[in-house]
Amino acid sequence: MPLVIYTLLRLALFGAAFGLLYLVGLRGWLLPIVAVVVALAVSYLTLSRPRDAATRWMADRAERRAAERAAAPRVDADAAHEDAQLDQELQTDRPNQSSTP
């Protein structure tokens, strides 16, 4: 959720810069480019707390995903062990059919 808040704040800054530059008289293809640069600079200077919160949220999410990925092979190893045991039981239950002509 902090990522959404940070993104919305940055979009609001872009909209404000765009509108202010439009009112000042900047037009054409230069308007959105200058608005992006101004919004980037202002967001870097003023939105440090939301940026840090978004960064922490993304780092926590990455750690959770890594932990989930680390736990997944254990499930696969358990399944492989069970499959090997079942195969061994099936081999001992039926006679060896490779020696029949």
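**Close-up views of a predicted model**

View 1. Leu-11 lies in helix H1. The model shown here and in the following views is a predicted one. Leu-11 has a relative accessibility of 53% and therefore counts as exposed, since the exposed class begins over 50%. Together with Met-1, Val-4, Ile-5, Leu-8 and Leu-9, Leu-11 forms a nonpolar patch on the surface. The accessible area of these residues together is about 580 Å².

**View 2. The aromatic pair of Phe-14 and Phe-18.** A pair of aromatic rings is described by the distance of the centres and the angle of the planes. The count for this model comes to one aromatic pair. In this pair, the ring centres of Phe-14 and Phe-18 are 5.8 Å apart and the ring planes stand at 45°, so the pair is tilted; planes under 30 degrees apart would count as stacked, and planes over 60 as edge-to-face. Both residues belong to helix H1, which covers residues 2-24. Phe-14 and Phe-18 are four residues apart, about one turn of the helix. Phe-14 counts as partly exposed because its relative accessibility is 27%. Phe-18, at 31% relative accessibility, likewise counts as partly exposed.

View 3. Asp-76 is placed in helix H3, which covers residues 48-93. Is Asp-76 buried or exposed? With a relative accessibility of 53%, Asp-76 counts as exposed.

Conventions
Residues are numbered from 1 along each chain as its sequence is written. This is a predicted model: local features need pLDDT of at least 70, side-chain atom pairs count only at pLDDT 80 or more; totals for chains, interfaces and linings use all residues. Side-chain values use heavy atoms; hydrogens and water are left out. Helices (H or I, at least four residues) and strands (E, at least two) are DSSP runs, numbered from the N terminus. Buried means under 20% relative accessible area, exposed over 50%, partly exposed in between (1.4 Å probe, protein chains only). Rings of Phe, Tyr and Trp (its six-membered ring) pair if their centres lie within 6.5 Å; planes under 30 degrees apart count as stacked, over 60 as edge-to-face and the rest as tilted. Patches are made of residues with over 30% relative accessible area and no salt bridge: like charges are joined within 9 Å, nonpolar side chains (Val, Leu, Ile, Met, Phe, Trp, Tyr) within 5 Å. Accessible areas come from the Shrake-Rupley method with a 1.4 Å probe; for residues, only the protein chains shown count as cover. A salt bridge is a side-chain nitrogen of Lys or Arg within 4 Å of a carboxyl oxygen of Asp or Glu.
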